[in-house]
Amino acid sequence: MGMISAVLGRLSQAFLLLVAMSVIGFIGIHSVGNPVFNVVNIETATPEDIRGATIALGLDQPIWHQYVVFVDNVVRGNFGTSYIYHLPAFELLMSKLPATLELASIAMLIAAPLGTALGLVAGRRIGTLFDRTLLQASVSALSIPSFWLAMMLILVGALLTGWFPSGGRGTTAHLLGQDWSFLTANGLWHLVLPAMALAIPNIALIARLSRSGTIEVESLDFTRFCRAKGLSSRRILFRHTLPNISVPIVTIIGLQFGGMLAFAVVVESIFSWPGVGKLLIDSIQLLDRPVVMATLTFVAVAFVLLNALVDLFYAVLDPRVRLSS
Amino acid sequence: MKALILSALKKRRHGPALSAPRVLLATYILLAVAAPLIAPQNPYDPLQIYGWEASSPPGAAGGGGYLYLLGTDGLGRDIVSTILYGLRISLVVSITSSAAAALIGLTAGVSAAYFGKWVDVAIMRLVDLQLSLPTILVALIAIVTLGPGIDRIILALIIAQWATYARIARGVALSEVGKPYMDAARLMRLPTRRIIFRHLLPNSIAPAITLIPIEIGHAVALEATLSFLGLGVPIDKPSLGSAVANGFQYLLTGQYWISLFPGLALFGLIASINLVGEDVRRKLDPRNHAQ
């Protein structure tokens, strides 16, 4: 029972957040200038044209009615038609989504195990050269802008050595009605650099988290008991320490996956990866307003929902949270 | 707060005053201030630029009677000068926006704590909403809504950063609101504005203020990212980020210097601000004063 109310509470919180965001978005759009002038030409329009366009856009309606129409359109994924591609904006967005999801998933598949392992080892040997190097490296990896990192990867990985291609998706293969790069060798080759650009800051973040968790858990009594029992350090590390630090790590993986959707904007534009992020930047530069609105709304909503899911998962995973509610 | 700063300064006398990051940061600031005096060329002045010398490699002799130490970019602008002038823009934009964000955030956070009730709920819900989204996403949404231009960039950075300060200041102010001197101020019937700005704010800002240097570092990175994406400062007055972006297309054809050198300058700037900022935060953090 407690569980269900916790779930409902968290979901209603996410819902309220989305309502707040829609109000802010609605105000934002209306404060940027009269949308009528997106439709008619300012210089040549007669007052009748303007009145006609105002009625056609529903701007003569009361403000609450306009808001309801706005929310209704957002919920139904109706953001209008792209000025450039002449496709419904939401459909266009969905066609670009697999590329972004592929990139983010591969990056997380690299970052999560690697970051956790590095953190475990460093936490085990505090103060050693390895530990100090990892700490320093993670600080710099987290403080440099992602576009700089991506550029250096291109410079070193593509231009100086010629090992990897500098952009594009490469050959794709068809699966479940979508094109995927990871199914072909050439596509995988193209994935390496952009995935690394997305993964490196996350490796640093996860490694720091898993390091501090390991230090905390290793000082607890039960670890001492395990050691006294004669268990090998490897067994202690993987069977006892790892499960105990897994909750915050899973949380951060979930949250960072949402963050990757946002950071993909930078990485995708640099590597010409045809995903949601590149679509957003291209559309901003081409003043393709419906697509910009659709993309930003989608990323923000996806992020809020992902946050809520992570919180719920947290409750399921951690016995203390589960039992206390 | 004053005592904190004084004791931090006193402590500093015993520690190493000249660490590498501090020297680097001081050099950056000096270079930015002195840019018009030491830059061989004014990259904003079309008359000083020789278009036919575009994309000259580092060390080439220029028509203006000076060497292009780090080469020229695709428009013929000297890279050294572009870096020096870009540094000014990056620093001005990030320092202005961080200062304004701190001012707005602190005032909002302290007001939320002082007024409570619906003011608190309204401000903190907005703060929660913003902090739950990645900063880059908030900045992107802001810049898309606001449009291009340096003033808009500063505004977008303020919007992206104020919430952090608000949350911290509110936490501290909540514990201050109940203290006797606040009751005294209210009993004296001081105007609300005076109570907030002269009594509550100065006593609640210490932890948040230590954040400012680090936030300036974030602002430099954020501005550079926006400019790199073509959403930042205009291309004829490049910041470090847009200087890197200008050179990016040339990077792929082997003219590495246009992008690489501004990129290295940017990296050094962000690294030195972050290291000095961490240092300042550690020194000013009351929890570290016991030692």
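A cavity, in the sense used here, is a set of points on a 1 Å grid over the protein atoms alone where a 1.4 Å probe fits but cannot get out, and its lining residues have an atom within 4 Å of a point. The structure is a predicted model, in which local features need pLDDT of at least 70 and side-chain atom pairs count only at pLDDT 80 or more, while totals for chains, interfaces and linings use all residues. Residues are numbered from 1 along each chain as its sequence is written, and chains are lettered from A in the order in which they are written.

Searching the whole structure in this way gives two cavities of 30 Å³ or more. The largest cavity holds about 50 Å³ of space, and its lining consists of B:D73, B:I79, B:T82, B:A243, B:N246, B:G247, B:I258 and B:P262. Two or more of these residues come from each of α3 (79–115), α11 (240–251) and α12 (257–284) of chain B, where helices are DSSP runs (H or I, at least four residues) numbered from the N terminus. Of these elements, α11(B) contributes the most, with three residues.

The second largest cavity, with about 30 Å³ of space, is lined by A:L97, A:T100, A:L261, A:V276, A:F298 and A:V299. Here α5 (89–124) and α12 (289–317) of chain A each supply at least two residues. The lining has five nonpolar residues, one polar residue and no charged one; Ala, Val, Leu, Ile, Met, Phe, Trp, Tyr, Cys and Pro count as nonpolar, Asp, Glu, Lys and Arg as charged, and the others, Gly among them, as polar.

Turning to the interface, 34 residues of chain A are in contact with 33 residues of chain B, contact being heavy atoms within 4.5 Å. Between them the two chains bury about 2900 Å², 85% of it on carbon and sulfur atoms, where buried area is the accessible area (1.4 Å probe) that two parts lose on being put together, summed over both. A:F147, A:W148 and A:M151 supply 21% of the area that chain A buries against chain B, more than any other three residues. On the side of chain A that touches chain B, the elements giving two or more residues are α1 (2–31), α7 (146–160), α10 (233–270), α11 (276–285) and α12 of chain A. That side divides into 26 nonpolar, eight polar and no charged residues.

Definitions and conventions:
Heavy atoms only, no water. 1 Å grid on protein atoms, 1.4 Å probe; cavity = no way out; pocket = protein on both sides within 12 Å on 5 of 7 lines; lining within 4 Å. Points joined across faces, edges and corners; volume = space filled by probe spheres on them.
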